[in-house]
Amino acid sequence: MNTVVDISWVRLGLGILFIIILLSISLYETLQLEKSILTGTLRASLQLILVGYLINVIFNHKEWYFVLLILMIMLLVASRTLIKRLKNPIRGTYVYALVAVSLASLLSLILIFKVIIAIPVWYEPQYLIPIAGMIIAGGMNGAALAGERYRSEMELRLPEMEMLLSLGYESRKASRRPRQQALTAALIPSLNNMMVMGIVHLPGMMTGQIVAGSNPVTAVKYQIVIVLSLAATVSLASWIFLSLLDKKFFTPNHQIRYELIRTRRL
């Protein structure tokens with residue numbers, strides 16, 4: 001096995017050169033993103049360093065309740081982040097986000113670890129935590145894209161939905177077109193990645209395994225599982241989230257709640 005070249009803290013600090021490039025473009029084009037760039041850089045660095053030490057402790061102990069706690073924190077933070085990415089979220093949608101991301105991620109993780117990889121111990125942190133992180137983040141991003149697009153499509157297609165409802169269609173059928181557009185928007189990034197995977201885009205997990213000295217073919221196998229499961233998680237999380245949101249935008253009598261579509265945003 002190849003020895004991994006470690007990065008000293010001093011050399012890691014030179015990564016600030018990338019941020020200088022980013023800040024220069026923001027200042028030159030007056031994007032006014034300097035505060036967000038600096039905050040994001042600081043948060044990402046601190047969070048990753050803390051997580052690195054935390055994962056090291058978990059890897060050494062390998063207790064199922066530690067792993068389960070980490071997964072629960074991931075889901076709670078992902079759901080909160082999903083809602084924060086929506087403009088003016090409606091009260092109660094945090095629960096919808098938590099349900100959607102949790103169910104979609106749980107199904108994908110069961111298929112990955114019980115059916116495809118079939119590791120002997122389900123809570124093996126070396127496998128479960130990094131893969132769960134990618135799956136949960138994928139579901140979060142997909143559902144956020146779908147939720148934001150869904151509201152704008154409903155607002156755009158209000159006359160169409162009114163006509164369908166007046167003809168006797170149920171709300172779920174009347175909102176089918178906005179839902180289709182929102183699901184398509186959520187899936188486009190995953191589908192685009194699949195199209196150029198291995199040619200333009202070399203995923204982080206596969207690259208990391210190869211750099212760490214793993215067999216490239218083994219790394220590719222893991223990456224294929226991740227890519228396919230991510231696409232499925234995005235579609236399922238988005239679909240569940242939109243299905244639950246439908247209940248907010250329509251009354252039990254299939255009437256449109258205009259105040260949530262026109263005057264407020266998700």
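This is a predicted model: local features need pLDDT of at least 70, side-chain atom pairs count only at pLDDT 80 or more; totals for chains, interfaces and linings use all residues.
The chain comprises 266 residues and contains twelve helices and zero strands. Read from the N terminus, the order of elements is accordingly α-α-α-α-α-α-α-α-α-α-α-α. The C-alpha trace spans about 70 × 55 × 35 Å along its principal axes. Of the residues in the chain, 36% count as buried, and the chain exposes about 16500 Å², of which carbon and sulfur atoms supply 66%. When contacts between residues at least 6 apart in sequence are considered, 71% of them join residues at least 24 apart.

Helix α3, formed by residues 34-61, packs against helix α6, formed by residues 125-156, at an angle of about 145°. The axes of the two helices lie 10 Å apart. On the α3 side the contact is made by Ile55, Ile58 and Phe59, and on the α6 side by Pro125, Gln126 and Ile129. Classified by residue type, this contact involves five nonpolar residues and one polar residue, with no charged residues.

Both helices also take part in the lining of the largest pocket, which holds about 2100 Å³ of space. In total, 42 residues line this pocket, and Leu48, Val51, Ile55, Ile129 and Pro130 lie nearest its centre. Two of these residues, Ile55 and Ile129, are also named in the contact of α3 with α6. The elements that contribute two or more residues to the lining are α3, α4 (64-85), α6 and α10 (204-211). Helix α3 provides the largest share, with 13 residues. By class, the lining divides into 30 nonpolar, eight polar and four charged residues.

The loop between α2 (16-28) and α3 contains threonine 30, and glutamine 32 is found in this loop as well. Most residues other than glycine have a negative phi. In threonine 30, by contrast, phi is positive, near 50°, and in glutamine 32 phi is also positive, near 60°. Threonine 30 counts as exposed because its relative accessibility, 60%, lies over the 50% cut-off. Glutamine 32, with a relative accessibility of 69%, likewise counts as exposed.

Key:
Residues are numbered from 1 along each chain as its sequence is written. Side-chain values use heavy atoms; hydrogens and water are left out. Axes are lines fitted to C-alpha atoms, for helices over the stretch in contact, and angles run from 0 to 180 degrees between N-to-C directions. Helices (H or I, at least four residues) and strands (E, at least two) are DSSP runs, numbered from the N terminus. Contact means heavy atoms within 4.5 Å. Ala, Val, Leu, Ile, Met, Phe, Trp, Tyr, Cys and Pro count as nonpolar, Asp, Glu, Lys and Arg as charged, and the others, Gly among them, as polar. On a 1 Å grid over the protein atoms alone, a cavity is a set of points where a 1.4 Å probe fits but cannot get out, and a pocket is an open set with protein on both sides within 12 Å along at least five of seven lines; lining residues have an atom within 4 Å of a point. Grid points are joined across faces, edges and corners, and a volume is the space filled by probe spheres set on the points. Buried means under 20% relative accessible area, exposed over 50%, partly exposed in between (1.4 Å probe, protein chains only). Accessible areas come from the Shrake-Rupley method with a 1.4 Å probe; for residues, only the protein chains shown count as cover.
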